[in-house]
Amino acid sequence: MKPPLFAYYRPNSVAEAVARLAREEGAVPLAGGQSLIPMLNMRLARPTTVVDLGGIADLQGIDVSPDSIRLGARVTHAALEKHGWPHGYEAIPEGVRQIGYGAIRNRGTVGGSLAHADPAAELPALMLAFGASIQLASPRGERSMVADDFFLGYYETARASDEIITSVRIPVRDDLRSGFSELSRRRGDFAIALAVAVRWKEAGRTEARAVVGGLDVRPRRIPEVEEALVTGSELAITADLLARHVHPANDVHASAEYRLEVGAEMLRRAVWSMENREDS
Amino acid sequence: MTTFHEPRFVGARVARVEDPRFLTGQGRYVSNQVVAGMRHARFVRSPFAHARIVSVDTSAVPSGVAVFTGEDWASYAIECTSRYEGFQSAAMPVLAVGKVRYVGEPVAMVVADDPYEAEDAAELILIDYDPLEPVTSIEQALSEGAPLIHEHWTSNLYVPRAYTSPDYDEKVREATRTVSGRFVNSRHSGVPMEGRAVLAEVVDGEIVVRTATQIPHLIRTAIANALGISENSVRVISPDVGGGFGVKAQAYPEEVACALAARSLGAPVKWIEDRREHFLASHHSRQHVHDATLHFDDEGRIRALTAAVYVDMGAYSVFPWTSTMDTGMAMGILPGPYRFTGYKVNGFPTCTNKTPYGAYRGVSRPAACFTIERLVDWMARDRGIDRLEARRRNLVRKDDYPWTNAGGLVYDGGSLEESIDVMREWIGYDDLVQRLAEERRRGRLVGLGMAIFTEQSAHTTEEFKKRGVPIVFGYETATLRLDSTGNLTIATSIHNHGQGLETTLAQFAGEVLGIPLERIKVVFGDTNQVAYGAGTFASRSAVLAGGAARLAATDLREKLARVAAHLLEVSEADLVFHEEGVSVVGSPESTISMAELCRIIYQRPDLLPEGVTPTLEATRTYDAPPGTGTYTNAFHVGTVEVDEHTGVVNITGYWVVEDCGVMINPLVVEGQIHGGVAQGIGSALFEEMVYDEDGQLLTTTFMDYLLPTALDVPHIATRHLETPSPNTIGGIKGMGEGGAIAPAAVIAGAVEDALSEIGPVWISEVPLTPERVLRYIRQAKENR
Amino acid sequence: MKEVAAESRTEITLTVNGVAHTVQVSPRRLLADVLRDDIGLKGTNLGCEHGYCGACTVLVDGETVRSCLTLAVAVDGADITTVEGLSGSDELNDLQRAFQEAHALQCGFCTPGFLITATELLDSTEGPLTEQQIREAIAGNICRCTGYVHIVEAIRRVSEARAG
């Protein structure tokens with residue numbers, strides 16, 4: 001399990017990085033490496049060049065402003081975990097703590113996890129649930145995209161091969177509450193099913209998101225649940241309900257049927273957790 | 001001056017002397033060893049479970065990289081043929097010739113200057129396969145018209161086995177009731193943290209093979225046999241080994257291949273197994289299916305057991321065990337610690353297109369314990385009696401020993417009933433059971449499970465000759481040498497890879513001479529330095545190597561006593577051996593230090609009594625007569641809470657009462673119990689080698705094959721009983737495997753108990769993955 | 001900016017256990033192999049090479065990192081601590097001593113990874129640790145021998161002793 005041959009390029013700027021990605025088809029960006037390097041070691045990835053984003057200062061830092069929290073793409077999971085999240089945002093650190101282990105969280109990054117887009121990973125589901133937007137840069141310039149549009153499929157995103165994620169913006173909202181729940185075989189494993197529930201006030205209206213992960217090729221919102229969270233109406237969250245929106249796969253850890261069943265349970269727990277937070 | 005007494009080292013909770021090298025990163029694992037000019041091997045492995053090799057094209061491999069294929073070494077193989085009549089044998093090739101029989105079978109080998117380049121080169125070998133229908137289950141293998149894995153065989157059964165006790169029919173008639181089930185244990189394995197590793201070189205005409213093995217002398221035999229050369233032209237060195245658990249107690253084709261490559265290239269060849277290879281090609285274990293029926297009377301007294309034992313042994317018979325080991329062990333131990341006599345059992349060691357099947361801590365006993373203990377739980381339910389009481393009623397009793405169980409194993413002694421009584425009081429069993437029942441009525445899925453077992457250990461000639469193995473593992477060896485500074489070296493045929501034997505053997509043998517730990521060195525793992533013996537497996541090392549070391553120490557003591565008596569001008573009977581040397585009883589001023597005594601023996605022959613030779617070396621073997629083994633017993637209890645909506649099982653408590661005879665070092669004993677239980681928890685909840693219908697192994701990373709972590713294993717509480725063995729020196733018993741035997745039965749019983757308020761279920765399959773548990777919960781609701 | 005062709009090597013400097021080492025590495029070379037084979041510190045063991053077992057854990061600039069999931073070229077200039085550097089002398093440090101006294105190791109292969117992980121935990125947490133805190137922190141390191149009971153005990157003892 002040793003990586004295949006590849007060249008190494010460590011640019012100092014986003015412009016240099018994306019220029020290289022544009023010029024060389026087989027070049028791939030390296031963030032924290034906690035997904036890419038196992039794939040290299042197993043020779044499941046065979047890039048011509050690894051473009052190490054570690055030298056780009058612009059990708060660092062967590063900046064809190066009145067309307068958003070900006071996470072630099074190279075912010076680590078460990079930094080997210082330790083960040084002083086505002087009241088209501090507990091689902092984020094709770095979810096982040098489920099990512100791998102301490103040593104993985106020390107290296108793994110926000111941008112890397114979102115770009116990798118493992119359907120059972122925590123951050124894609126969290127970002128979808130919190131309505132985050134993802135900033136991308138390429139030789140053609142910058143663009144921003146909401147998480148809803150970013151995740152397309154199984155390890156597939158709207159990121160072009162010559163684009164890198166530069167940052168993620170999580171909107172700051174009034175009266176926000178959130179809940180997270182995950183089932184994995186062991187702590188740190190990819191989820192069999194996970195769920196995030198978020199509710200907030202916006203322009204006098206109540207808004208909500210209910211997201212499940214691990215149940216499809218990408219994290220999915222469950223509109224009936226969101227509706228019920230907004231209106232406060234009773235809704236039985238069931239496997240059948242989820243099955244309208246997600247199509248899980250069978251694998252060595254669980255069957256599709258089981259995933260649906262526990263997916264519904266995780267979503268019930270995420271909602272329960274959101275509803276039952278102590279006010280501080 | 002104080003009076004000297006003979007010290008007692010046995011029983012002391014002393015920290016291990018071998019630890020500092022591991023704690024400072026100085027472990028001597030094969031992967032850490034470097035020799036000049038070393039090159040690096042990589043194997044090309046079969047992607048098919050069953051296929052003909054049409055062609056092997058190595059033309060793309062760059063010059064400078066050596067390549068070997070099956071044809072190069074077609075005349076060499078590892079063969080292990082049972083002495084059982086009708087055994088169908090097939091040699092395990094070094095590299096597959098003409099045909100592959102499991103995914104991961106080595107087909108070609110490259111040797112390059114660097115492990116990265118070796119992996120690059122291996123990718124350039126193109127092999128054309130013609131796939132054949134794979135045989136991927138026991139049912140398929142034994143079905144009419146199944147493809148033959150070995151063409152010259154008549155079926156895919158290695159050899160059928162059967163035993164019926166003379167009183168079977170009569171005992172079945174005495175029974176009034178039965179419970180039955182099909183008990184399934186998944187395919188899994190020891191999975192040590194260090195994979196296999198080999199470094200072979202030719203030094204002065206001798207092939208030196210450093211390999212991570214538990215059985216250095218047997219590997220030397222296997223390599224010499226495979227190559228058709230003398231044993232004294234092969235030296236096997238097994239330095240520190242990063243965990244064995246049985247996986248490293250087999251001869252592997254890669255060991256032979258590295259020896260052949262080193263000889264052929266005239267260069268040292270190193271191969272470090274990667275984790276994916278480990279899952280594919282290091283021998284698997286544990287996969288049993290038992291169809292069993294327990295026959296008992298109205299009072300819940302067992303009369304007889306009927307069983308069929310199916311084991312999925314994979315594609316080849318492994319050296320030195322043969323492919324009948326698991327079946328044979330299961331057939332012997334299935335009656336468990338119970339005193340019934342009626343028994344009928346059939347065994348089916350089956351050949352499939354899967355990785356060959358070898359030893360794993362406990363060999364068969366976890367599956368056998370699972371079957372008998374589940375049946376006893378079900379009997380208790382059927383009769384409406386407490387599970388603990390159901391066991392107590394049927395156990396072998398103190399005055400039964402030596403007890404020949406229904407399968408023919410001779411239990412030397414133990415404390416089965418006492419262990420139950422101690423547990424009952426220790427954990428407040430009756431209150432605990434009541435409390436759990438109340439919790440269940442309030443809706444929580446909490447439950448308690450238990451398993452009691454005997455662990456055969458240190459069995460030698462009598463036992464292994466019955467098993468038909470070509471080499472009867474009849475003894476272990478120890479050579480003790482005192483040097484002229486009075487320090488002791490123990491060179492032994494067993495191996496230490498975590499069991500603490502560098503400490504416990506020193507405690508056990510040093511006591512005879514009064515020599516403390518810090519002046520004893522234990523040498524193992526080098527066939528040029530230790531006398532012949534089998535190695536470390538089957539919970540034998542402390543008993544057999546310890547016994548041999550004690551015998552040799554006694555020989556040395558006799559000579560030392562004779563010389564000391566001569567020098568101190570007293571009778572030998574008046575001497576005391578202690579940490580400071582040898583003294584005259586009651587006269588501490590008449591003391592000669594061990595260093596002085598040894599120095600005189602080696603360097604002042606003029607001072608020695610008539611007829612004493614100037615040597616201080618003794619070699620002894622020990623076989624723990626009568627050779628049927630000594631039996632540790634243990635009683636495990638565990639509690640769980642089950643999540644009704646996800647099926648996740650959380651172990652909330654685990655208690656072990658164990659009796660392994662006289663303990664040399666309780667700290668080490670507890671470490672062995674903890675580790676065994678953790679592995680048993682892996683069997684119970686997590687570990688499973690999953691194959692698809694094409695014979696592809698789907699679990700080849702630690703993402704898919706799940707080992708228990710610190711959050712999955714609870715605190716494990718232990719209590720000890722010490723019933724000395726009548727069969728062994730010092731009354732000690734082997735205990736390395738026991739921890740792993742019971743947990744699957746305990747946890748299955750606990751989960752079944754936890755679901756009992758919902759409705760009745762009969763849990764008979766492990767691992768209890770959340771999905772399986774949820775299925776049982778659904779069944780419980782349907783059965784309500 | 002730095003650029004290295006696939007089949008060429010570049011010079012990097014790592015300070016390992018306080019000693020600067022300059023080595024030539026190809027882009028694909030893993031930190032674990034540099035530590036073990038180029039610098040010769042064999043204490044960092046490789047147990048899976050895909051980040052799950054934790055045996056190869058080292059401290060990079062004070063944080064635990066899987067050295068099997070780290071390209072050496074990407075940590076040029078880093079300050080690294082391996083098991084060989086834990087005590088800084090011939091004596092065992094308090095954590096190593098506690099591991100020995102509590103019998104927290106058997107085959108020893110995973111031990112360096114546990115020691116490094118426990119070092120980060122003990123250095124980054126104040127006051128005595130609970131059993132749960134310890135178990136969560138070491139859940140990314142697999143031990144196949146000990147059942148973790150004595151490892152937890154050893155770390156707990158050090159945590160209590162350091163908290164006074």
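A salt bridge is taken here as a side-chain nitrogen of Lys or Arg within 4 Å of a carboxyl oxygen of Asp or Glu. The model is predicted, so local features need pLDDT of at least 70 and side-chain atom pairs count only at pLDDT 80 or more, while totals for chains, interfaces and linings use all residues. Residues are numbered from 1 along each chain as its sequence is written, chains are lettered from A in the order in which they are written, and side-chain values use heavy atoms, without hydrogens and water.

Six salt bridges cross the interface of chain A and chain B. One of them joins Arg778(B) to Glu261(A), with the closest N and O atoms 3.3 Å apart.

Contact (heavy atoms within 4.5 Å) involves 25 residues from chain A and 32 residues from chain B. The buried area, that is, the accessible area (1.4 Å probe) lost on being put together, summed over both parts, is about 2400 Å². Carbon and sulfur atoms give 57% of this area. Met1(A), Arg185(A) and Arg186(A) supply 30% of what chain A buries against chain B, more than any other three residues.

A disulfide requires two cysteine sulfur atoms within 2.5 Å. The count over all chains is zero. The sulfur of Cys48(C) lies 4.0 Å from its closest cysteine sulfur, in Cys53(C), too far for a bond. Cys143(C) is in no disulfide either, the nearest cysteine sulfur, that of Cys110(C), being 3.8 Å away.

Key: Buried area = accessible area lost by both parts, 1.4 Å probe.
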